[in-house]
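Open the structure in your viewer and keep the selection tool at hand. Each stop below says what to select and what is there.

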Amino acid sequence: MDTTVARPSGSPDPGSVPGGPATPPTPYATASSARGLTKVYGHGAAAVRALDGVDVDFAAGAFTAIMGPSGSGKSTLMHLLAGLDQASSGVVRLGATEITALDDNALTRLRRDRVGFVFQSFNLLPMFTAEQNILLPLDLAGAKVDRAWFDTLVQTLGLGQRLTHRPAELSGGQQQRVAIARALIAKPEVVFADEPTGNLDSRSGAEVLSFLRRSVRELGRTIIMVTHDPTAAAYADRVVLLADGRIAGDIVDPTPESVLAGLEALRTLEAPVGSSGPGAGA
Amino acid sequence: MLRLTLAQMRRSLGRLTAAGIAIAIGTAFMAATLLAGNVFTRTGYDAVTATYGDADVVVQTETLADAAEKLDVVRDLPDVEAADMLLPLGAEIRHGSQRRYQVTLPVPSSPRLSALELATGALPTRDGQIALPDTTAEALEVGVGDHVQVTWRDPYDPEADGEPAEHTDDVAVVGIVDDPSHAWAQYGGAAVVTQDDALRWNGLSLSSQDSVGSVLLVAGAPGVGTQTLLDDVSTALPGATVQTRDEAAADTVREISGESNALLMVVLGFAAIALLVAALVIANTFQVLVAQRTRTLALLRCVGAVRGQLRGSVLTEAAILGFAASVVGLVTGTALAQATLSVLGRADLGVPLPPTVEVTWPVVVVPLVVGTLVTVVASLVPARAATRVSPVAALRPADAPTVSARAGRLRLVVALLLTLGGGAGLVLAVVAALSTDLDPIATLGLGLLAGAASFVGVLVGAVFWVPRVVALVGRGLSATGAGARLAAANTGRNPRRTAATSTALLIGVTLVAMMSAGAATARSSLGQELDNHYAVDLTIESMSDDGALPAGVEQTVAGVDGVAAVAAVRTTGVRIGEDLWFSAFAVDGDRAADVLRDPRTADGLDDSTVLLSADLARALRDGGDGGPQVTLVSQDDDTVRVDLRTQDTALGGRQAVVTSATLAQLAPGAPESALWVRLADDADPAQVLQSVQDALPDEPLVTSSSAAERVTYERVIDTLLGVVVGLLAVAVVIALIGVANTLSLSVIERRRESATLRAIGLTRGQLRRTLAIEGMLIAGVGAVLGVVLGVLYGWAGAATVFAQVGDLHLTMPWRDVLIVVGVALAAGLLASVLPARSAVRTSPVAALAVD
């Protein structure tokens with residue numbers, strides 16, 4: 001792994017967090033981390049090691065992308081980081097909480113109060129309006145709505161005219177923006193996004209990605225995004241590369257080119273031919 | 001295509017099973033009813049056959065004279081050993097204060113011609129003797145050697161003045177008879193008397209041209225075959241109907257079975273309601289199955305299946321399900337009927353029950369055909385939906401399957417017409433019944449027809465209004481939390497399915513509530529009528545010749561538990577004016593206030609006052625003699641006149657109350673002929689009545705009370721209500737299966753949504769609660785609407801029926817209503833348990849899966 005540029009660690013590039021967020025998270029803190037994280041599906045001969053001893057840290061107030069080829073374990077890593085699935089062994093922390101030790105109810109509350117999700121298929125509830133969908137996490141928690149924050153989100157995401165519409169009356173891009181607002185409304189410590197642009201055309205995709213980046217830069221949120229699209233990954237502050245269930249690289253301040261190069265390096269690694277590692281991004 | 005259909009059925013086995021149970025219950029109901037019908041027929045046939053004893057040949061006759069004439073001819077035939085008239089008549093037999101109406105048979109000339117066997121004593125040999133069945137002997141508390149009284153009247157003579165004279169015969173009990181074949185069990189057994197006594201007690205004679213139902217029973221001499229005897233008798237009686245015993249029984253059963261067939265039809269009607277509800281459940285299930293298979297169906301269209309094949313596949317699936325479920329239902333129904341029969345057989349009801357049910361062709365074929373047909377018809381609409389799936393749907397990412405929620409304009413128009421037209425007809429029928437003297441049958445018929453039409457309208461229109469009501473209630477609930485808000489929103493997503501599920505429950509609940517409200521109204525209306533009629537809780541009257549009470553009765557009754565006060569009463573017939581006759585009562589010691597149900601009735605009673613019942617007061621006013629001063633004229637002659645002030649009171653019937661002093665003036669020798677009894681407030685009237693009757697000595701005394709009459713008819717009403725509600729409960733159970741089915745389908749459909757909600761923070765408990773609320777919302781709305789509708793229908797029905805009978809007291813059967821709604825809510829909750837279990841098992845990771 002001498003081709004990797006940096007050890008995956010909790011040292012974000014300070015430059016990627018521009019000053020001026022409304023509620024800045026503790027700078028340089030680790031929002032989410034994994035130690036020796038392993039996930040095995042199946043038993044015996046059919047057992048598949050989707051994750052194999054992963055150690056990784058994600059900085060608070062940063063936009064991190066997890067990339068890797070199909071079957072690299074990137075989705076599994078996200079599920080475990082977000083407390084959606086049980087690890088086979090290893091430890092996952094959200095902030096200071098060791099979530100691998102929590103039971104289902106505690107995990108559910110943690111997801112409700114401290115984590116947000118953006119899905120590839122938007123997953124809005126069809127019978128609720130955009131506004132009801134956005135407020136759903138607060139609703140479930142029985143929490144009060146912070147109107148100022150709600151207005152900020154709606155304004156930032158350009159949803160002002162769409163609040164009374166149901167998902168079926170919204171375009172894909174609009175639906176995903178509603179989903180982002182829903183993910184952010186409870187001011188979670190981390191937002192996990194799973195291929196958020198997978199079901200969108202490139203223009204809407206770009207729009208959504210800029211919103212995600214703005215929510216980090218301007219609103220001080222932390223986002224961890226799984227994607228297989230180098231262009232999407234380039235919106236992030238940092239890219240973590242995954243291959244065969246292991247961390248295979250780390251790119252700070254990525255560009256589409258540097259991400260592509262990093263992926264290329266992974267592929268050539270598999271075909272055991274040496275090659276130049278991905279260069280550090282611009 | 002069939003292989004594919006079967007494969008799809010295997011995949012949806014769970015859902016199909018739930019739907020199949022609904023059909024199976026309906027067909028089991030139907031099969032059991034048909035089997036019960038067979039048992040009725042069999043029992044009737046056996047009983048009729050048994051009444052013929054061991055007769056070989058039966059001859060039908062027209063009149064008594066005809067029968068007597070034919071009997072003489074038959075008895076003279078050489079091949080005939082014995083011949084008798086089978087002449088069941090009746091007599092009122094009394095012993096002490098007990099009386100009983102008893103079927104009597106003439107003494108048979110040969111034991112072969114009677115189903116009865118002598119247990120003890122002897123058969124009557126002359127007039128004035130009787131052999132009683134053991135049940136009657138027990139009820140009258142008599143044995144061999146005792147005497148009973150038979151009261152009878154002379155034949156009615158239109159020429160003569162007044163009523164025919166009444167006679168009382170003193171009859172000796174000479175024997176006790178058994179009825180081993182239960183031939184007369186349905187009449188409460190039969191007694192044996194001489195033919196002359198039997199005829200005289202019924203005002204008949206052998207020359208009578210009355211068409212009394214009588215047949216001749218003929219027993220052949222030893223060695224004479226039935227056919228030979230049949231030919232002999234036929235030759236001797238040209239033109240007469242001569243049959244073998246079995247032929248005659250079959251004929252008779254056919255004649256009398258009209259009644260039990262009608263009963264069968266009514267019960268089958270309930271089975272039809274159950275199947276209708278089952279059809280709603282089936283239609284729902286198939287709609288969702290088709291929606292879930294959209295992708296598969298589209299794929300089939302892509303690879304070349306034509307629309308007809310898809311429709312055929314769905315209909316085949318329905319036919320297979322319907323047939324399989326019907327077979328299960330048939331077997332279950334037969335097993336249930338057999339089990340019931342075995343239990344009843346062991347309980348010895350005194351009715352000759354066959355040991356096993358008789359499985360005839362109709363019992364097998366009808367439930368199978370109807371069950372299968374109902375299932376196929378219910379799946380027609382979903383089958384059409386299957387043909388609408390476009391091949392392109394296979395290429396699109398799967399969206400949540402949706403079922404068209406739009407309902408046609410035609411449906412709305414039809415529903416509105418039926419509901420409004422039927423409702424107007426119902427109102428018309430009620431108004432007509434309340435205000436006019438129209439034929440009650442006509443108003444009842446109009447009410448029934450209009451009620452049925454409006455109910456069909458309500459059901460057809462359910463898809464328009466039920467979802468709105470659910471939404472409204474849901475909105476009300478939404479304030480209670482996110483779970484309720486989610487549940488309410490979910491019920492609104494597929495209005496048609498919610499409507500169908502709620503409606504299935506609504507049907508059963510409406511009918512149950514209707515019966516319950518109708519029965520409650522009948523109970524209180526009749527009760528009010530009786531209370532108006534009886535001013536006293538309990539009356540005991542002497543039936544002795546001099547009309548005087550036996551000594552000591554007053555003390556005996558006063559000692560009975562639950563009796564608060566007793567007063568002896570003298571009475572005499574008096575009149576006001578020329579022809580307004582009525583009874584005047586005087587309570588001994590003028591303690592009327594103590595024993596009248598409402599003591600205030602006696603306010604103002606003094607020697608110059610007569611208290612009048614509302615009836616009498618009205619009759620007086622109608623006769624232009626309303627008082628305030630009237631003259632009472634005594635029975636004996638016109639000389640005793642008393643001028644009195646009238647006072648209208650709440651006394652019932654045609655009664656008037658005066659003081660003892662006044663009565664002494666009118667009828668100085670009047671004995672104490674009755675007791676008025678007031679019951680303790682907390683006493684059970686029926687119980688006290690029984691205790692009083694038990695305590696009374698063996699004297700001719702008649703006890704009467706509103707409580708006694710009330711108990712009699714309340715028992716009838718309650719039994720009927722119990723039976724009907726029991727039958728309707730089947731429909732309600734099926735509907736509740738439908739609720740569970742709908743919920744589990746929703747859970748499957750919303751797998752991804754549930755996962756999303758779990759991912760963003762819905763706890764397992766909240767998810768369970770959401771489904772529980774959804775189930776209770778659907779069931780509760782169906783139940784409450786059903787109760788409202790049912791009570792309205794019940795009241796309308798009661799108003800139509802009781803308008804002419806008396807005062808109408810619309811009564812809300814709160815207890816029954818609360819039970820029904822409670823059961824529905826609990827069942828809705830219960831119905832959500834299994835679906836919720838599968839829902840919470842969904843991992844939140846499923847939300848991220850892209851299919």
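**Before you start**

Keep in mind that this is a predicted model. For the complex, the predictor reports an ipTM of 0.78 and a pTM of 0.69.

**Stop 1: chain A**

How many helices and strands does chain A have? There are eight helices and 10 strands. Now look at how the 282 residues of chain A are placed: 50% of them are buried.

**Stop 2: two helices in chain A**

Stay in chain A and select residues 130-141, which form helix H3, together with residues 172-184, which form helix H5. How do the two helix axes cross? The axes of H3(A) and H5(A) come within 7 Å of each other, and the crossing angle is roughly 30 degrees. An angle under 35 degrees counts as roughly parallel, so H3(A) and H5(A) are roughly parallel to each other. The crossing of H3(A) past H5(A) is right-handed.

Show the side chains where these helices meet. From H3(A), select Ala130(A), Asn133(A), Ile134(A), Leu136(A) and Pro137(A); from H5(A), select Val178(A), Ala181(A) and Arg182(A). The residues of this contact between H3(A) and H5(A) comprise six nonpolar, one polar and one charged.

**Stop 3: confidence in chain B**

Select chain B and colour by pLDDT. The mean for chain B is 81, with 89% of its residues at 70 or more. Which elements of chain B have the lowest and the highest mean pLDDT? The lowest, 64, belongs to strand S17(B) at residues 641-648, and the highest, 92, to strand S6(B) at residues 129-133. Next select residues 397-405 of chain B, where the pLDDT is below 50. In the model this stretch has 17 contacts beyond near neighbours in sequence.

**Stop 4: where the chains meet**

Show both chains. Here 25 residues of chain B are in contact with 25 residues of chain A. On the chain B side, select helix H15 (482-491), helix H23 (751-759) and helix H24 (764-802), each of which supplies at least two of the residues that touch chain A. H23(B) gives the largest share of that side, five residues. Coloured by type, the chain B side divides into 11 nonpolar, eight polar and six charged residues.

Key. Residues numbered from 1 in each chain as written. Chains lettered and ligands numbered in written order. Predicted model: local features only at pLDDT ≥ 70, side-chain atom pairs only at ≥ 80, totals over all residues. Helix = DSSP H or I, 4+ residues; strand = E, 2+ residues; numbered from the N terminus. Buried ≥ 20, exposed ≤ 12 C-beta atoms within 10 Å, placed from the backbone. pLDDT = per-residue confidence, 0-100. Contact = placed C-beta atoms within 7 Å. Nonpolar A, V, L, I, M, F, W, Y, C, P; charged D, E, K, R; others polar. Axes fitted to C-alpha atoms, helices over the stretch in contact; angles between N-to-C directions. Parallel < 35°, antiparallel > 145°, perpendicular 65-115°, else oblique. Left-handed = near helix turned anticlockwise from the far one by under 90°.
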